[in-house]
Amino acid sequence: MAPWSHDAAPDGAMPPDLKKHAGSPRNLFIFAHICRMEPESILDDHYDKWHRGRIMAEKGEVLKWLHLRCHEVHGKKMPYDERYTQYIKKTGLLPFVHLVSRSTPHMNPCAITALVDRWRPETHSFHLPCGEMTVTLQDVSMTLALPIKGEPVCRNTASDGWREAMRDLIGNAPTMEKMSAGAPYSWIQRNFKKCPEGAEDEVVEMYARAYLWYVGTAALAYLYRQLDDACCKTGKGASIGGCMLLLSIWSWLRLPVGRPIEMRRNDWKDHGDLLRYPTAAYLWDNTEPFHGESNECYMRYTSQLDALTPEKVTWEPYGEPGSIGRHIFFRLNPKCLEEAHLWRMNCPLICFYAVEYHLPDRVMRQFGLFQETPPPWKDTRIELHELDKIRQKKEKNWPIRHRHYISKFKAIIRRIEDPKTVPVPLQPFDSEAFSRYLFWLGSVSRLYIKPPAFAHVDVGDGTYPDDEDMAKLDYNRRTREGRNPDPTRELRFVREEVSRVLSDAELALQSGTESTLRVFAERTKNWARGLCALLGCRTIEATSPTSSYEQNEDEDEGGGEDEVDGDGEDDEGGDEDEDEDEGGDEDEGGDEDEDEGDGDGEDDEGEDEGEEEEEFGGQQHDEIGMSQLLDAPAPSQRLKRHKPREPYTPDEWNKKKALEEERARKAERVAHEDKDDDGPRRRRKNEHRMKVNADRPSAKRGKGRE
């Protein structure tokens, strides 16, 4: 439930439980704190009860996609006449009219419906895994070049004398008696499709007014209201209206979901007029028509939005702050950037009966700025969303009803444009702060619609579940039956499981005790094995030895029983191979000693090798010799799973390190003695290398096999 807001209360009223104690300074402080406090959940039950996203996520229902209520302006249905230009230019709407009169791209109702499912009337934004996003005044300017300043579109809708008023404006009015007020688009199209040739200026002006009536201009406020209503519609004939051109291009510029294939743009004729230059909508001037089975595409778009992360979003399609529009390859209409100083204002937007709040503070990432956590809360007010011309049939004088919001809208613009107003310093975008915001948003809202593929209990205790048991899981059964297999659900399951284990890791590290860390490591190992099994991976559980000595002792004591050749007989040659490997290691170690500069010859080398062999107990290293490869079983034979071995224990490693340091000191001493006569030392070293190459381990092992 949304919190009580001072702005939402009439005449600055206080909550009832604090009103009687208003004189107390402490209660006044508490009251001010409550007004700014975010709720535990920002989803209001008033909307959530019928919200499409909740019904799909919690009830598992598959809803139908929404129909689009929009009509084409360009083409033969309602062609534009150049004689209208001089009259339309006076209204400040020429860039918008020129945009929609020449061509508009094909709309994708399934992609729009998938977006509507994420719309929240409480915040006037789409709630996505990548964060909140919404259509702002920046998009209205850059895409449609519609003016922001001026009188809000709010008129008296009384039906008395509406035919006479229409005749005064456009010279004609419908005569059907059943029509209570207003003219349908089909009537305007039939009666004002083409202006007569040689018509007088007064007649041309009337046709221009009719054309504007047909096009329509109220963009953002009406779009917000349509989204508020459509996100709670689940019936068979559910639909959505408003400026679908604005919503579609906003989505295509930012999101990779439902984006159409671009085709060759049509030539843009500006007639030498700056006000007829293209807007950012020209980037999507011509697109390939939407194809595919609608319900299947709708479900696919829903899954893709579930997997949407911040890295996949184009947050600033118009450019970074300070360089808006400079990267666009064509020259923008000057109206696109004319009111950039008003793009981030928090204000009410008015369109006849609809009053919708513009809240850019919730989507500062779209402006390349710092995102506060949580964003400043503004109650969008349920009673405002309940106002419409159907429920309030007796309410006609909307300018009087909304005079408070109209005055507030104008006052905000005056304050921003006042030269005395000191601009608030803005912080640039910070990724760490945005991560905190995403964590907060996930805890107070619903960001996913498709459920995870599995439940946490399906991971098990680390033992591999039986294949038949895994086949009975609901997701595997539905996938096997070909009923919309969705890898996005698996991704969400893995994401949630990994997040849970990371939280457990934080707690285990905070405890700091060895026993807690051991328990966590064992539990994490079991969890990883169960997760791998669910995702189709298979691992082998291996018991790691505590030291190399224990492994050697086990092999010496039970080697004759455990190790079996391909013919089933005991491997009696293991000791010989092990001795030969040790000898090979000694020779290689000798060569290494000579490289380090030991000039004492073969006697010193043998001494060192003997010391190393004595200290390390003739331990066999991980290198595989030729004899081991020859004795390996054939591929068709069963392989024995060996325990992994460790090269050295900590004590052995310390001894090896001390031995290497001693050798280094000896080599330094010998090098110091032979610095005056380097020739004999080099000859002795080359002779020793030749002897070592002649006595390689491979030669020794070959003699043993013969």
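Author: What follows is a conversation about this predicted model, moving from the whole chain to single residues.

Reader: How many helices and strands are there in the chain?

Author: The chain has 29 helices and 7 strands.

Reader: And what share of the residues is buried?

Author: Of the 706 residues in the chain, 43% are buried. As for contacts, 77% of those with a separation of 6 or more join residues 24 or more positions apart.

Reader: Which residues touch the most other members of the largest nonpolar core?

Author: That core has 128 residues, and Tyr84, Leu144, Leu246, Leu247 and Met345 touch the most other members. As a general point, nonpolar side chains tend to be buried together in soluble globular proteins.

Reader: What does Leu144 touch?

Author: Leaving out residues up to four places away in sequence, Leu144 touches Pro95, Phe96, Leu99, Asp139, Ala219, Cys243, Leu245, Leu246 and Thr279. There is also a second, separate core of 15 residues, which includes Val459, Phe493, Ala505 and Ala508.

Reader: Let us stay with Leu246. Where is Val140, and how far is it from Leu246 in space?

Author: Val140 is in helix α8, residues 137-144. Beyond its neighbours within four places in sequence, Val140 is in contact with Ala145, Leu146, Leu220 and Leu246.

Reader: Why does Val140 count as buried?

Author: Its relative accessible area is 5%, and buried means under 20%.

Reader: Leu220 and Leu246 were both in that list. Which helices do they belong to?

Author: Leu220 is in α12 and Leu246 is in α13. Helix α12 (residues 220-230) and helix α13 (residues 244-254) pack with their axes 10 Å apart, at an angle of about 80°. They are therefore roughly perpendicular to each other, since angles of 65 to 115 degrees are classed that way.

Reader: Which residues meet there?

Author: Leu220, Leu223 and Leu227 of α12 meet Met244, Leu246 and Leu247 of α13. By class, this contact has 6 nonpolar residues, no polar ones and no charged ones.

Reader: Now another pair, please. At what angle do α9 and α11 cross?

Author: The axes of helix α9 (residues 162-170) and helix α11 (residues 201-215) cross at roughly 120° and come within 7 Å. These two helices are therefore oblique to each other. From α9, the contact uses Met166, Asp168, Leu169 and Ile170, and from α11 it uses Met206, Arg209, Ala210 and Trp213. Here the classes are 6 nonpolar, no polar and 2 charged.

Reader: Changing topic, how many residues of helix α7 are buried?

Author: In helix α7 (residues 109-116), 8 of the 8 residues are buried, so this helix is largely enclosed by the rest of the structure. Among them are Pro109, Cys110, Ile112 and Val116.

Reader: What caps the N-terminal end of α7?

Author: Asn108 does: one of its side-chain oxygens lies 3.2 Å from the backbone nitrogen of Cys110.

Reader: I also noticed His124 and His271. What is the phi of each?

Author: His124 has a positive phi of about 55° although it is not a glycine. A positive phi of about 55° is likewise found at His271, which is not a glycine either.

Reader: Where are they, and are they buried or exposed?

Author: His124 is in the loop between β2 (119-120) and β3 (125-128), and it is buried, with a relative accessible area of 2%. His271 is in the loop between α13 and α14 (294-306), and it is partly exposed, at 49%.

Reader: Which residues does the cis peptide bond join?

Author: A cis peptide bond joins Thr373 and Pro374, with omega about -15°. Pro374 is in the loop between β7 (354-358) and α15 (382-385).

Reader: Lastly, what joins Asp81 and Arg83?

Author: Their side chains are joined by a polar contact of 2.8 Å. Asp81 lies in the loop between β1 (67-68) and α5 (85-91). Its relative accessibility is 17%, so Asp81 counts as buried.

Notes. Residues are numbered from 1 along each chain as its sequence is written. This is a predicted model: local features need pLDDT of at least 70, side-chain atom pairs count only at pLDDT 80 or more; totals for chains, interfaces and linings use all residues. Side-chain values use heavy atoms; hydrogens and water are left out. Axes are lines fitted to C-alpha atoms, for helices over the stretch in contact, and angles run from 0 to 180 degrees between N-to-C directions. Helices (H or I, at least four residues) and strands (E, at least two) are DSSP runs, numbered from the N terminus. Angles under 35 degrees count as roughly parallel, over 145 as roughly antiparallel, 65 to 115 as roughly perpendicular and the rest as oblique. Contact means heavy atoms within 4.5 Å. Ala, Val, Leu, Ile, Met, Phe, Trp, Tyr, Cys and Pro count as nonpolar, Asp, Glu, Lys and Arg as charged, and the others, Gly among them, as polar. Buried means under 20% relative accessible area, exposed over 50%, partly exposed in between (1.4 Å probe, protein chains only). A polar contact is a pair of N or O atoms within 3.5 Å; within protein, one must be able to donate a hydrogen and the other to accept it, and residues adjacent in sequence count only if both atoms are side-chain atoms. A nonpolar core is a set of buried Ala, Val, Leu, Ile, Met, Phe, Trp, Tyr and Cys residues joined through side-chain atoms within 4.5 Å.
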